[in-house]
Amino acid sequence: MEFPKIGKKEGLYELIEVPEKFGPISYKIDDNIIKKYAFVQDDYNLWYFSHDASPFGKRIGHASILANDLLSLFLTEYDPSTIRGLHTQEELWFENPVFEDETVTLEGEYVDKYIKRDKGYVVMNAVARGEDGRVLLKHRGVEIMRVHAGSVAAKNTAKDTSDKVTGEYDPALGTAETAKENLVPGTLIKPLSKHTTQDQTSVFSFVGKHFVNIHNNLAAAKETGMERPVVQGQQQVGYLTEMLTNFFGKSWFTSGWEKVKFLRPVLVGETVTAKGVIKDKTVEDGKTKLHLEIWVENEEQEMTSVGWASAHV
């Protein structure tokens with residue numbers, strides 16, 4: 001988090017305004033930020049360390065390097081120590097890579113709030129732009145914010161009609177390492193396993209900024225009934241994004257899209273595996289686009305997050 005200020009407002013659903021704007025804030029994606037993100041995600045692809053290795057002719061940052069800051073923009077107005085929220089859904093659109101030493105500008109706003117099953121939900125849209133104004137990454141996130149008992153006068157009963165992610169694939173088709181036009185639905189893409197550590201989770205969750213939360217502090221996690229700190233859902237999104245970057249390559253940075261929902265917590269010390277299966281392919285402007293179901297599963301093969309993704313071949 002490279003924010004110039006941290007908010008004082010209490011993290012209560014009742015205090016959220018719609019619309020409520022955050023930013024713009026600007027900072028440089030320097031060597032330290034790239035190395036820090038490589039550490040927290042355990043992703044040391046040479047594209048992020050060498051001008052010569054990058055397919056864009058310059059050293060770049062990870063595709064999701066700005067995702068957590070976009071998600072956290074509301075902390076420029078809300079006090080992190082008062083947040084008792086839960087990230088439930090994340091959607092990202094990847095339009096351009098960010099280059100080393102490029103100054104980025106982030107801004108966002110709350111666009112909706114509603115009550116559902118006695119919980120207060122808030123929706124934020126946000127965007128990151130490069131120095132020349134080009135869009136790098138767009139974000140849409142849904143979070144549950146702390147609600148005062150008795151304040152849930154209105155309820156949203158809308159049903160989620162999204163297709164269910166089953167995790168099913170055809171073993172006879174083998175595993176695809178890279179995106180190709182001739183891949184058929186049912187093909188599993190190359191999975192990616194990660195062993196989560198407290199050091200990585202703590203840095204990802206702003207321990208260096210001296211914030212205490214259920215991700216970087218054992219006592220805070222135990223207060224919520226967890227035996228160990230919880231890996232951020234957004235860190236799982238990073239694992240999925242790395243898997244999709246490995247599969248789609250350069251085109252992920254310019255045509256990638258993913259939508260992820262979080263099902264159950266991942267505790268620090270667990271090993272998780274990101275997986276994806278091709279479900280469909282379409283042609284847009286003469287380019288083949290692959291559509292996937294994606295998910296993260298724990299060592300018991302329980303899905304911890306599920307979602308959908310697409311990009312051009």
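Q: How many helices and strands are there in the chain?
A: This is a predicted model, in which local features need pLDDT of at least 70 and side-chain atom pairs count only at pLDDT 80 or more, while totals for chains, interfaces and linings use all residues. Residues are numbered from 1 along each chain as its sequence is written, and side-chain values use heavy atoms, with hydrogens and water left out. Helices (H or I, at least four residues) and strands (E, at least two) are DSSP runs numbered from the N terminus. On that basis, the chain contains six helices and 14 strands.

Q: Which radius of gyration does the chain have, and why does it agree with a compact globule?
A: The radius is taken over C-alpha atoms, and the globule rule is 2.2 Å times the number of residues to the power 0.38. The C-alpha trace spans about 55 × 40 × 40 Å along its principal axes. Because a compact globule of 313 residues would have a radius near 20 Å, the value for the chain agrees: 19 Å.

Q: What percentage of the residues of the chain count as buried?
A: A residue is buried under 20% relative accessible area, exposed over 50%, and partly exposed in between (1.4 Å probe, protein chains only). Of the 313 residues, the buried part is 53%.

Q: What share of the contacts in the chain with a separation of 6 or more comes from residues 24 or more positions apart?
A: A contact requires heavy atoms within 4.5 Å. Among contacts with a separation of 6 or more, the share of residues 24 or more positions apart is 72%.

Q: How far apart do the centres of the positive and negative side chains lie?
A: Lys and Arg count as positive and Asp and Glu as negative, without His and the chain ends; each charge is placed at NZ of Lys, CZ of Arg, CG of Asp or CD of Glu. The chain has 37 positive and 46 negative side chains. The distance between the centres of the two sets is 3 Å.

Q: Is Asp42 buried, partly exposed or exposed?
A: Asp42 lies in the loop between helix H1 (31–41) and helix H2 (67–71). Phi of Asp42 is positive, near 55 degrees, although the residue is not glycine. With a relative accessible area of 42%, Asp42 is partly exposed.

Q: Which residue in S13 is the bridge partner of Val283?
A: Two strands pair if DSSP finds at least two bridges between them. Strand S12 (residues 271–284) and S13 pair in the antiparallel sense over eleven bridges. Their hairpin has two residues between the strands, and Asp285 in the turn has a positive phi of about 50 degrees. In S13, Val283 is partnered by Thr288.

Q: Which residue in the turn between S13 and S14 has a positive phi?
A: Nine bridges join the antiparallel strands S13 and S14, and Ile294 has Gly307 in S14 as its bridge partner. The hairpin has five residues between S13 and S14, and the residue with phi of about 65 degrees is Gln301.
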